[in-house]
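Okay, thanks for making the time, everyone.

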Amino acid sequence: MTSKRAIKSAFESMLFVWGQPLDVKLAAEIFNINWKEAYNCFLELQEEYERQQRGIRIREVNKSFQFVTCEENIEYIERLCTPIRSEEHTSELQSHSGIS
């Protein structure tokens, strides 16, 4: 039997690579454990991320779980994802791409 710690570690990896909400039933089937045990592992992981005040959190969506960013960091994520449109940056991009 796989330890709870190993299951939670694998669930964490699965959440990372899956990229969309991971259904508890599917996760339970992969480990050949019952739904309730899998669900409790996800809840424990979710609590650990909250307690440690991590930048990534685990959100439950219709008996599935997924990674999300911490609400407090949304401003920084928006800055990262907003294109910089300065002339200096445009010139730099043009020179790297061979555009004159």
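I'll start with a helix contact and then move on to a hairpin and some backbone angles. Keep in mind that this is a predicted model.

So, helices. Helix α1, residues 4–18, packs against α3 at an angle of about 75°, and the axes are 10 Å apart. Anything from 65 to 115 degrees counts as roughly perpendicular, so that's what we call α1 relative to α3. Who makes the contact? On the α1 side you've got K4, I7, K8, F11, E12 and L15, and α3 brings E37, A38, C41, F42, E44, L45, E48 and Y49. Sort the residues of that contact by type and you get 8 nonpolar and 6 charged, with no polar ones.

Next, the strands. β2 covers residues 56–61 and β3 covers 64–69, and the two pair antiparallel over 6 bridges. Together β2 and β3 make a hairpin with 2 residues between them.

Now the backbone angles. In the hairpin turn, N62 has a positive phi of about 50°. K63, in the loop between β2 and β3, also has a positive phi, near 60°, and isn't a glycine. K63 is partly exposed, at 41% relative accessibility.

What about Q53? That one's in the loop between α3, residues 35–51, and β2. Its phi is positive too, about 50°, and Q53 is not a glycine either. Q53 is exposed, with a relative accessible area of 66%.

That's my tour, thanks.

Terms used
Residues are numbered from 1 along each chain as its sequence is written. This is a predicted model: local features need pLDDT of at least 70, side-chain atom pairs count only at pLDDT 80 or more; totals for chains, interfaces and linings use all residues. Side-chain values use heavy atoms; hydrogens and water are left out. Two strands pair if DSSP finds at least two bridges between them. Helices (H or I, at least four residues) and strands (E, at least two) are DSSP runs, numbered from the N terminus. Buried means under 20% relative accessible area, exposed over 50%, partly exposed in between (1.4 Å probe, protein chains only). Axes are lines fitted to C-alpha atoms, for helices over the stretch in contact, and angles run from 0 to 180 degrees between N-to-C directions. Angles under 35 degrees count as roughly parallel, over 145 as roughly antiparallel, 65 to 115 as roughly perpendicular and the rest as oblique. Contact means heavy atoms within 4.5 Å. Ala, Val, Leu, Ile, Met, Phe, Trp, Tyr, Cys and Pro count as nonpolar, Asp, Glu, Lys and Arg as charged, and the others, Gly among them, as polar.
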